[in-house]
Amino acid sequence: MSLFVLLPAYNEQESIRPLFKKFQTLQQIFDIEIKIILVDDGSSDATAQTALEESRLRGILLKLVQHPKNGGLGEAIKTGFTTFLEISKEGDFLAAMDCDNTQPPELLIKMYETMIAGSYDIAIASRYRKGSKVIGLSKFREVMSYGASWLFRIAARVPGVRDYTCGYRLYNRTFLSKLNMYYGDNLFTESGFACMIDLLLKAKVLKPKIAEIPMVLRYDQKPSASKMKILKTIARTLKLLYKNLSSAGQSSHFAQAFNEQETLIIPMKMGNRK
């Protein structure tokens, strides 16, 4: 079993050093090997070079993939998932997390142990479970995220989920292979931050077993301003909700039949990679 970590990065030069130091500490304390897939999404700073230097310095395995221009979080996540399915094997796990040093890498151990113990398909680092805490985020962003949580819980509920917008998740490779086979090129259709909600709603069709682990989000450790376009993200989120409500139940019969079949592993297609 290998633990891969996907880091979508856009101008995160300042975040990489402290983040990679945490991964080094994690490897030493828990005696595990972490394999990082860093997708440099057209950065104009030294994100890629810094990642290469830090990986060599700290003994961290790194797969660097670079986009020639910025395509958005959705494109970076797509590239990372594709790369993972290409270089991993059955039994491996993929964690997706932000590259801005706000999310604790040490939580990966708890997420992994929970998934193994309960045979879960997805584990989510949640801001809405007992023991969770958010430090340094604006009240407006907090209210927006909390409102989105309740909106989706009421209108497009995914069993086991309270935090629909957090991208810090751990996936079982077997389940990602099923998603890949089921959706093909339509798995990633959102380019912005709403891609994480979209991915979760699409996963709902295959009835995944999901666990949530309380997280302390340290937004005060973020060295640069947020790249989220808030109004655009709100608009895309509402459109996703409407789309989900409109299409609910249309593919449930096919999904049930699909889940009963043996899953094949078919790598996803991807563009803009070199």
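Author: Lys-202 and Asp-198 lie 4 residues apart in helix α7 (residues 195–204), so about one helical turn separates them. (Helices, H or I of at least four residues, and strands, E of at least two, are DSSP runs numbered from the N terminus.) The two form a salt bridge whose closest N and O atoms are 3.1 Å apart; the term denotes a side-chain nitrogen of Lys or Arg within 4 Å of a carboxyl oxygen of Asp or Glu. Both Lys-202 and Asp-198 are buried, where buried means under 20% relative accessible area, exposed over 50%, and partly exposed in between, with a 1.4 Å probe and protein chains only.

The model is predicted: local features need pLDDT of at least 70, side-chain atom pairs count only at pLDDT 80 or more, and totals for chains, interfaces and linings use all residues. Residues are numbered from 1 along each chain as its sequence is written, and side-chain values use heavy atoms, with hydrogens and water left out.

By the salt-bridge rule, the count comes to 9. One of them joins the side chains of Arg-129 and Glu-212, at 2.9 Å from N to O. Arg-129 sits in the loop between β5 (122–126) and β6 (133–135), and Glu-212 in strand β8 (residues 210–214), so this pair ties together parts 83 residues apart in sequence. Arg-129 is partly exposed at 26% relative accessible area, whereas Glu-212 is buried at 11%.

Arg-218 pairs with Asp-220 in a further salt bridge, the closest N and O atoms being 2.7 Å apart. Arg-218 is partly exposed, at 29%, and Asp-220 is partly exposed, at 41%.
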